[in-house]
Each structure stands twice: as structure tokens, then as C-alpha cells.
There are 2 protein chains.
Amino acid sequence: MKTTRTRSLLAAAFLGALAFTANVAHAADHLPSWNDTAPKKAIVAFVEKVTKEGSPDFVPPNERIATFDNDGTLWAEQPMYFQLPFALDRVKALAAQHPEWKDKQPFASLLKGDVKGALAGGEPAIFQIVMATHAGMTTEEFEKIVRDWLATAKHPKTGRPYTDMIYQPMVELLRYLRAAGFKTYIVSGGGIEFMRPWSEKVYGIPPEQVIGSSGKLKFELRDGKPVLVKLPEVDFIDDKEGKPVAINKFIGRRPTLAFGNSDGDLQMLQWTAAGNGVRFMGLVHHTDADRERAYDRDSSIGRLNKALDEAKAKNWTVVDMKKDWKRVFGFE
Amino acid sequence: MKTTRTRSLLAAAFLGALAFTANVAHAADHLPSWNDTAPKKAIVAFVEKVTKEGSPDFVPPNERIATFDNDGTLWAEQPMYFQLPFALDRVKALAAQHPEWKDKQPFASLLKGDVKGALAGGEPAIFQIVMATHAGMTTEEFEKIVRDWLATAKHPKTGRPYTDMIYQPMVELLRYLRAAGFKTYIVSGGGIEFMRPWSEKVYGIPPEQVIGSSGKLKFELRDGKPVLVKLPEVDFIDDKEGKPVAINKFIGRRPTLAFGNSDGDLQMLQWTAAGNGVRFMGLVHHTDADRERAYDRDSSIGRLNKALDEAKAKNWTVVDMKKDWKRVFGFE
């Protein structure tokens, strides 16, 4: 540590780190999976503005908050939100402990392999399935169930693990923002405890920066050991009007940047846009039937209708997956 | 930037930074307001253990979570939780808009200056006062009200602003833990929106690391501008069994260290203690009638009874304010 050579190497490393910090906004290859079209340019221009000290648009590092929807924004959501096949698999796994399910809908249809029939009951049916599979265990037990499922479950179309179904350009965007001093958050309608076991490894987003829908919990001492038991009661639905409410509750600051893909994200984008100074509102538009899937106004999953109109009216950034992304998935 | 001299200076700065990181655990003067008694030794020994790479007790930086109660742990709570004089002052300020309060308890007594009479109604009276003063405005309006109040309100005994009533040894502990890579959190029964406007400046704890009790919020568009309106309904009480529930919800990781001062913190300490590996559980025991106040088992505010017994039985660290703190407040 004391030779001149070592010092020089350290100095070089230190200067390198400085240079990286200073130039991060200029290094266009932080987003290699993005085409050089308008959205990439808008993102880079935004990051340059808010990180440039002395600029009127400068945002202090502690206020650099970026919130991302998950389903359809960071990972795929078709043919159905990935938490649903998880719940369906859990119904099968738990069926032996619930002989009554044989004669009870929506479980009876599910157990006969008739997913469509089971889901014909709409939201109440889905609610029953979720409650039956996401409650009655401790939070630690549930975390293990999620990890075990993800280790073996495969996406029906690609045959890949669900955690491979993440959008490479968005992972690059998350990294780019963090390098520019942003704290990156997930604000998703999905279950908070379904996302946290893998968000840090897959997105670099730690559990304390994952916000989602949740069920009620009960603190109990079991043989003197405290546990948190998951109850079959909704605590909070983190969707639509719920997203700004959750952002205020969990973060207590308004995002500087927010990204979504559906009408469920509209209020989060409105809330972000209403802040002082420069803000960035983005939507992922699923336009790529070849590499992923094309859907928007008429889709029951990830419907993008009102938010698309508002984005156009207010000049928010709409990412056209087909035109703007060089690559969709990391495995391509 | 290119002369040898500049490089050497940078190298020295870099080496200095490295040395600081490596030695932070050994620098005993990170806690100058603590006497050299058992609690300080236990804290330093704990931090050394969990930050020493290769040690069996090593905790990776991303898992270094430290949670602190606020009232009675980070700042004083006598003669009453500071949020209560805030609410009482708000009743006076709002009285002109509520002529009906003249004949309605607990407001009528309050407006006559009879605080004791008003609070004789117990929790339901306090609940009414809090709801009448913490709801009906937007979150932004409420934040301004809190800031304005703190700028002028004075503690009845010391005549100091309430934000001066913070415990200097605990502020040093927060800093010391952050220097050792911990994320420091507040987990308080107090109102989340009452603490966030000042926690960053006063404790170095940003709003997104402040967890507290909360009321329900409603997202609304007012003349096209989105606002969050505070409703007169309880959302969550972050006390007792609620603390582990909130820690799980907001952080999603179990604390490595937790500090409280009353029975309201017992479940947080139990939850922390039940984790794998080495953990630190601490209690501030108010034993100093001269410099602050002496109270524990019989106090209606900050009662410390069951948690004191459990701390003794389980060898948790109990800080005897009188013996273990050189200084209580920064202004001494």
C-alpha cells in the first residue's frame, strides 16, 4: 500500500471513479438495448438535466426517486400476471389438504385442469384463489414457497424461468438511473411478498424499495418465537389511485421519474407530473407481436387506454417496444 | 488533475477514505457523549463483529438494518408526546372555523385552557382531537402546518424548540451505524407525516426511512391537479404488535439492531432477537431526574415494565441514562 506504484494505481482508480460519476449522463452506452430514437434521447436529456449541478433543473441526490410498475413494465405480464400461475400451482399443491375443493368453485374447475372455467368467475374467483394460497402461513414460509416455485416454474410460451422474462432495456434503465444517484423503486399492483424474494437479485432493487399489494399480517408468539402470520384479508391494493397513496406512505417524497405501462399506472404518472420542476413520465407500449406481444386498449391484462391518451396529450414519453427497443429480453 | 502532486493528494484522500471505512468500528470517539460503560462497549463490540468480513457474525451491508423508536428513544416524550401539544395548538388555531367546539368535549375544555379536563376523556378524547387536527387537508398542506408549528413552538420545561429535545448520544449512535453501513430507520407510534418533515435534517433519516402511525388518504383531482387528502380514519397504528408488522411491510427485512424505550417497543425487540446470527436489542431507561426525567413501570407515557423484565432476562442492553450518558441533549 505504500509504494509509489500502488499509490498511482489507486489514484488512477479514484480518478476513474470520479470520471465515471461526472460523465455518467454522457455515456450513451448505458442503454445499449435501446435504439437511438426519441425515448432514449428523452431519458438521457432528463438525466443530464437533473444531475447537472448549478442547472435550474438540478435535483439533489436525496430527492432522486424513480418509481416503476412491475407487471408489463419491468417484466412481461402475458398470457396472465405471473402471480396467477403461481397461485394456480399452489392450489394443486394444497389440494390434498383441502378435500372440500373438489366440489367448490373455482377450485373444482382448476383441479380438473379447466383454468378458463375457474377464472370465468372473474375477480371474486381470483380473489378466492389468491386468499386460499397466500394466507395461513408465516411470512418466512411464504418466502420459501415463492423461491421454490420460481426455481422450477416455466413461462408457458418461452419455457424460461419467469425471472428471465424481464425487459433488458428496463434493467439497463434501472442501472443507469442508480449510477446517476437515483433510488429505484417498484410500485406494483402485484403482491409485495411475491416480489421481494427476487427483486434484489433480478433488478438490483432491495426489498425495502419494493411496494405492492398486501394482505394483513398478525404478530404471534409460537412457542415463544415471534412470527408474522398471513391472514386471508386484504390490507392494501396498490393499483390506480392506490399508487400515489402508497408512494406517499412508503417513500414520503414525490418521484422525479415514473414508468408504467397501463391504466393502473395513470395516477402514479399524474402524481409525478404534478410535482415542481422537471419530471419524467414514461409508458411502455406493447407493440411487438413478434418478439413479445401487441396489446393495449382492449386487453383485459395491462389495458392501456386512458393513460395512452393522456400521455399523448401531455407529451409524456411512450416507448414503442417494436421501434425503440433493440432487444426485449436478455436471453435473445 | 495531471500533476504528480494532485495525484498524490487524491491518492492520500482515497487511502484516507479506505482507512476510515476499515477502522470505523475501532474509532471509539464516534460516541463521545457516551460514558465508557457496558452499553457503549456492547454497541462497539457488536458493530465490530457484524462489519468484519470473514467473521462468522459478518452481516452484508445490504442487510444492515437498524430500527429506532422515536418518542423517548431519539427525542424526549415528557410531559407528553410532542404530537399532542401540536394537536392542542391546532385546536386553538382552528376554533374560529368550528363554533360548535365551544359546546363539545373535549374541545370545549381545551379552548378554556383546561388541558387536563380535555384529556380526562382518555384515548377516545385524544382520538377526537387528533382526527380533528390531522385530517381534512392535503398532505402538502399538513406538511407546511407541521413545519410552521415546529418553527415557533417551545418545549414547556426547557423553552427550546422541540427539535432541540433530541438525545445527543442517540444522534451519535445513528451516525456511527450509518458510517458502518447501516440503513437507519425510525419505527414509531407517532404520526408518519408528523415526523417526516424534519427527520432528515434533525436525525439524518430521510422520509423513506420513517415508519409511523398513519391515517387514510384519498387521491383526488382538484381542478385537474392531483392531491392526497387526509381522511379522519385510522390506517395503521405502529405500536406494540404493529411494529414488527410495519417493519415487515415497509422494509421486508428483519433488523440487525433495534432500539426502543417502552413496552410499545417490546415486540420490535422480540422480532429482532428472533433472527439468525448476532443481533442487538437496546432500551433507553429514563433514570435521570436531574438532566431529564426518571420514569418507567408506572408512567402513563412511555411505560417501561414488561420490556424491562424481558431485557434483563435475555441480556438485552439497557441504557441507564444517568450512568451511561455523558450528555443528554446537544444544548447542554
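Author: Gladly; what follows is a set of questions on how terms apply to this predicted model.

Reader: What makes strand S2 of chain B "mostly covered"?

Author: A count of residues does: of the 9 residues in S2 (183–191) of chain B, 7 are buried.

Reader: How do you know that S2(B) pairs with strand S1 of chain B?

Author: Pairing calls for at least two bridges. S1 (residues 65–68) of chain B and S2(B) are joined by 4, and they run parallel, so they count as paired by that definition. One example is B:Phe68, whose bridge partner in S2(B) is B:Ile186. S2(B) also pairs with strand S3 (residues 210–222) of chain B, through 3 bridges and again in the parallel sense. There, B:Ile186 has B:Val210 as its bridge partner.

Reader: Over to chain A. Why are strands S4 and S7 said to stand at the edges?

Author: The sheet is open, with 7 strands in the order S4-S3-S2-S1-S5-S6-S7 and mixed pairing. S4 (225–236) and S7 (317–320) of chain A each have a single partner strand, so one side of each has no neighbour in the sheet. From one strand to the next, the twist averages 30°. For S7(A), 4 bridges join it to strand S6 (residues 280–285) of chain A in parallel, and A:Val319 stands opposite A:Val284.

Reader: Which helix of chain A touches S5, S6 and S7?

Author: That is helix H2 (residues 38–51) of chain A, whose direction makes about 140° with that of S7(A). Helix H9 (residues 192–203) of chain A lies across S2, S3 and S4 of chain A, at about 115° to S3(A).

Reader: Which residues touch the most other members of the largest nonpolar core?

Author: A:Tyr203 and B:Tyr203 do, in a core of 156 residues. Among the contacts of A:Tyr203 are A:Leu74, A:Trp75, A:Ile166 and A:Trp198.

Reader: Finally, what makes the two copies related as by a two-fold axis?

Author: A rotation of 180° with 0.0 Å of shift along its axis superposes chain A on chain B, at an RMSD of 0.0 Å. The copies are therefore related as by a two-fold rotation axis. The same surface serves both: 100% of the contact residues of chain A recur in chain B.

How values were computed
Residues are numbered from 1 along each chain as its sequence is written. Chains are lettered from A and ligands numbered from 1 in the order in which they are written. This is a predicted model: local features need pLDDT of at least 70, side-chain atom pairs count only at pLDDT 80 or more; totals for chains, interfaces and linings use all residues. Side-chain values use heavy atoms; hydrogens and water are left out. A nonpolar core is a set of buried Ala, Val, Leu, Ile, Met, Phe, Trp, Tyr and Cys residues joined through side-chain atoms within 4.5 Å. Buried means under 20% relative accessible area, exposed over 50%, partly exposed in between (1.4 Å probe, protein chains only). Contact means heavy atoms within 4.5 Å. Helices (H or I, at least four residues) and strands (E, at least two) are DSSP runs, numbered from the N terminus. Axes are lines fitted to C-alpha atoms, for helices over the stretch in contact, and angles run from 0 to 180 degrees between N-to-C directions. Copies are superposed by least squares on the C-alpha atoms of residues with pLDDT of at least 70 in both. Lists of a residue's contacts leave out its neighbours within four places in sequence.
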